Amino acid sequence: MNITQSAFDYSIRIAELVKHLRSDEKSFPLCNDLLTCGVDVGFYLQEPSCPDKAVNSLNKADYIIQMAVKAGYLTERQTIRIRNSGQELIKMICENKGGGST
């Protein structure tokens, strides 16, 4: 799978996670920020000059997800796949910047 498709899939997973967080009666206050991060990842990876911004958005999303776990809105188990996907995307971006293929 190429990096652009992986980023799109990650963005969709973030949107689904935000939908889940909003469906709870005590909605997580940083849902909008998390959604923005997810959208930004895919958007920045469409621009050849913006991979660092995509990595920053991935790191910010991961931080917000960790906050949601610590605050009791999510469990660690609920976040494993999406956090792993984010880390894999960061690796792909770094490899691509270093001359690797997508």
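## Thr 79 and helix H4

The side chain of Thr 79 has a polar atom 2.9 Å from the backbone oxygen of Glu 76. The model described here is a predicted one. Thr 79 belongs to helix H4, which covers residues 76-97.

Thr 79 has a relative accessibility of 1%, so it counts as buried, the cut-off for buried being under 20%. Beyond the neighbours within four places in sequence, Thr 79 touches Ile 65, Val 69 and Leu 74. Ile 65 and Val 69 are also among the H3 residues that meet H4.

## Helix H3 against helix H4

Two packed helices are described by the angle between their axes and by the distance between those axes. For H3, which spans residues 51-70, and H4, the axes come within 10 Å and cross at roughly 165 degrees. Because of this angle, H3 is roughly antiparallel to H4, as angles over 145 degrees count as roughly antiparallel. The crossing of H3 past H4 is left-handed.

Which residues of H3 and H4 meet? On the H3 side they are Pro 51, Asp 52, Ala 54, Val 55, Leu 58, Asn 59, Asp 62, Ile 65, Gln 66 and Val 69. On the H4 side they are Glu 76, Thr 79, Ile 82, Arg 83, Gly 86, Gln 87, Leu 89, Ile 90, Ile 93 and Lys 97. By class, the residues in this contact of H3 with H4 are ten nonpolar, five polar and five charged.

## Helix H1 against helix H3

H3 also meets H1, the helix of residues 3-23, through contacts of Tyr 10, Ile 14 and Leu 17 in H1 with Leu 58, Ala 61 and Ile 65 in H3. In this contact of H1 with H3 there are six nonpolar residues, no polar ones and no charged ones.

The axes of H1 and H3 come within 13 Å, and they cross at roughly 25 degrees. H1 is therefore roughly parallel to H3, since angles under 35 degrees count as roughly parallel. H1 passes H3 in a left-handed crossing.

## The start of the chain

Asn 2 sits in the segment before helix H1. With a relative accessible area of 39%, Asn 2 is partly exposed.

Ser 6 is a residue of H1. Is Ser 6 buried or exposed? Its relative accessibility is 13%, so Ser 6 counts as buried. Setting aside neighbours within four places in sequence, Ser 6 is in contact with Met 1, Leu 89 and Met 92.

## Thr 36 in helix H2

Helix H2 runs over residues 31-45 and contains Thr 36. Thr 36 is partly exposed, and its relative accessible area is 43%. Thr 36 and Ser 11 are 25 residues apart in sequence, while their C-alpha atoms lie 9.3 Å apart in space.

Key
Residues are numbered from 1 along each chain as its sequence is written. This is a predicted model: local features need pLDDT of at least 70, side-chain atom pairs count only at pLDDT 80 or more; totals for chains, interfaces and linings use all residues. Side-chain values use heavy atoms; hydrogens and water are left out. Helices (H or I, at least four residues) and strands (E, at least two) are DSSP runs, numbered from the N terminus. Buried means under 20% relative accessible area, exposed over 50%, partly exposed in between (1.4 Å probe, protein chains only). A polar contact is a pair of N or O atoms within 3.5 Å; within protein, one must be able to donate a hydrogen and the other to accept it, and residues adjacent in sequence count only if both atoms are side-chain atoms. Contact means heavy atoms within 4.5 Å. Axes are lines fitted to C-alpha atoms, for helices over the stretch in contact, and angles run from 0 to 180 degrees between N-to-C directions. Angles under 35 degrees count as roughly parallel, over 145 as roughly antiparallel, 65 to 115 as roughly perpendicular and the rest as oblique. A crossing is left-handed if the near helix is turned anticlockwise from the far one by less than a right angle, and right-handed if clockwise. Ala, Val, Leu, Ile, Met, Phe, Trp, Tyr, Cys and Pro count as nonpolar, Asp, Glu, Lys and Arg as charged, and the others, Gly among them, as polar.
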